[in-house]
Amino acid sequence: WEIRTEQLKDRATDEKLKEIRTALEYGEVVGIPTETVYGLAGDATNPEAIQKIFAAKNRPGDNPLIVHIHSMDQLADFTEPLDMKVRTLMKHFWPGPISFILPLKGKMLASNTVAELDSVAVRMPSHPVGHAILEKVGFPLAAPSANLSGKPSPTDYSHVIDDLNGKVYGVVASDPATYGLESTVLDCTQFPYRIARPGSITKGALENVLKETVSKHEGSAEQPIAPGMKYKHYAPRQPLVVIEGGLRNNTHLRVGEGQKIGVIAPEAARNHVPEHAYFISLCSGESDYREAGRNLYAALRKMDKSEVDLIYIHGFPKNEETEALMNRIYKATGNEIIKEDPK
Ligand code: TXA
Ligand code: MG
């Protein structure tokens with residue numbers, strides 16, 4: 001199905017939305033657009049649909065899914081009554097790139113949706129097409145990122161097709177994701193609230209609204225708060241080296257005999273890239289972090305498909321705005337962090 005945002009008002013679109021609803025009602029799984037990354041959606045109340053999601057992605061069963069909704073009213077069906085503070089945050093940031101972990105209530109959601117936990121992560125996406133699908137469907141949709149487990153998340157529908165063609169019922173071809181990094185995951189099951197996965201909505205932004213401290217605690221590698229954070233993620237097949245401090249004039253990029261290297265960096269740093277390297281531009285200027293976030297996964301996927309043997313990626317300065325971006329870059333190295341000191 002092709003549904004671009006500008007096609008939402010077309011009559012043909014309503015027919016497509018109905019078909020998507022029917023497929024989901026029958027327990028099929030469908031790739032849908034969101035503003036963060038594309039999701040692989042299935043009926044969160046149907047254990048067979050959820051099983052199809054895990055199977056298509058080859059995802060470990062102990063990694064719970066995020067449940068997507070179009071209206072806060074839906075929460076009363078499967079979460080405990082909301083704390084005033086959670087409500088305030090939702091009203092402020094939803095629809096948008098943040099998921100809240102809340103205490104689970106009742107048996108409406110399939111137990112494999114939440115990997116048998118007693119909490120559930122929920123999100124209301126702002127992508128007009130994703131939102132329209134959720135509204136049309138009516139029931140909550142579980143949707144992890146629509147990539148094969150371990151691969152970079154899909155920021156364009158073509159990535160979903162590359163990874164999941166033949167394994168899912170259908171994919172909605174829509175606009176590319178505007179954020180390009182997965183949502184912030186905020187654990188609200190205890191005080192102070194904790195960021196279990198950094199995203200575009202930062203600790204500072206949350207604290208500004210809450211007027212309270214938010215802790216930043218992803219847990220340990222073996223015992224993360226969000227189980228998904230323990231797996232190697234977002235990784236291309238080749239080794240990835242972060243150039244800490246960024247690509248500079250005098251940065252020495254080691255190249256083995258007969259090795260082909262790739263470099264992912266801002267356009268502004270292109271003149272420091274050796275001629276023999278395969279260059280992919282991540283953003284225009286060195287501080288265009290939003291743009292870098294939007295393009296990161298597509299760049300990693302392009303490198304993965306290329307012939308290069310080793311990839312260097314520009315390390316951005318550590319600050320609040322780059323936190324999610326650098327978190328994903330480091331995860332893509334598999335946390336075997338190889339530092340290349342600018343000499
Ligand atoms: O932006 C996003 O969040 C995208 C789009 C599709 O909405 N979805 C996404 O889902 O990134 P996924 O499954 O790739 O990542 C969900 C993360 C995982 O790290 C998972 O462990 C964590 O959220 N999570 C989900 N439910 C949880 C729970 N009840 N407790 C702790 N962590 C949870
Ligand atoms: Mg994922």
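Reader: What makes H7 roughly parallel to H8?
Author: In this predicted model, helix H7 (residues 289-305) and H8 pack at about 20°, and their axes are 10 Å apart. Roughly parallel applies to angles under 35 degrees (over 145 is roughly antiparallel, 65 to 115 roughly perpendicular, the rest oblique), so H7 is roughly parallel to H8. Axes are lines fitted to C-alpha atoms, for helices over the stretch in contact, with angles from 0 to 180 degrees between N-to-C directions. Helices (H or I, at least four residues) and strands (E, at least two) are DSSP runs numbered from the N terminus.

Reader: What is the hand of the crossing of H7 and H8, and which residues make the contact?
Author: The crossing of H7 and H8 is left-handed (the near helix is turned anticlockwise from the far one by less than a right angle; clockwise is right-handed). H7 contributes Tyr 289, Ala 292, Gly 293, Leu 296 and Leu 300, and H8 contributes Ala 324, Leu 325, Arg 328 and Ala 332; contact requires C-beta atoms, placed from the backbone, within 7 Å. By class, these residues are 7 nonpolar, 1 polar and 1 charged (Ala, Val, Leu, Ile, Met, Phe, Trp, Tyr, Cys and Pro are nonpolar; Asp, Glu, Lys and Arg charged; the others, Gly among them, polar).

Reader: How do you know whether Leu 40 is buried or exposed?
Author: Leu 40, in strand E2, has 29 C-beta neighbours inside 10 Å and therefore counts as buried (20 or more other C-beta atoms within 10 Å; 12 or fewer is exposed, in between partly exposed; C-beta atoms are placed from the backbone). Beyond four places in sequence, its contacts include Val 29, Ile 53, Ala 143 and Leu 164. Leu 40 and Ala 143 are 103 residues apart along the chain, yet their C-alpha atoms are separated by 4.9 Å.

Reader: By contrast, why is Pro 317 called partly exposed?
Author: Pro 317 has 13 other C-beta atoms within 10 Å, so it is partly exposed. Pro 317 is in the loop between strand E14 (310-314) and helix H8 (323-332).

Reader: What makes E7 and E10 edge strands?
Author: The order of the open sheet of 10 strands is E7-E1-E2-E6-E3-E5-E4-E8-E9-E10, with mixed pairing. Strand E7 (170-171) and strand E10 (215-216) each have a single partner strand, so one side of each lacks a neighbour in the sheet. Pairing requires at least two DSSP bridges between two strands.

Reader: How do you know that E8 pairs with E4 and with E9?
Author: Strand E4 (residues 98-103) and E8 share 4 bridges in the parallel sense, and Phe 100 has Leu 186 of E8 as its bridge partner. E8 and strand E9 (residues 194-197) are antiparallel, joined by 3 bridges, with Asp 187 opposite Arg 194. A hairpin of 6 residues links E8 to E9. Within E8 (residues 184-187), Thr 184 and Leu 186 point one way, Val 185 and Asp 187 the other, and all are buried.

Reader: Which strands are at the edges of the sheet of 4 strands?
Author: This open sheet has the order E11-E14-E12-E13, with parallel pairing. Strand E11 (240-243) and strand E13 (278-281) are its edge strands, each pairing on one side only. From one strand to the next, the twist averages 20°. Strand E12 (residues 261-265) and E13 pair in parallel over 4 bridges, with Ala 265 opposite Ser 281.

Conventions:
Residues numbered from 1 in each chain as written. Chains lettered and ligands numbered in written order. Predicted model: local features only at pLDDT ≥ 70, side-chain atom pairs only at ≥ 80, totals over all residues. Contact = placed C-beta atoms within 7 Å.
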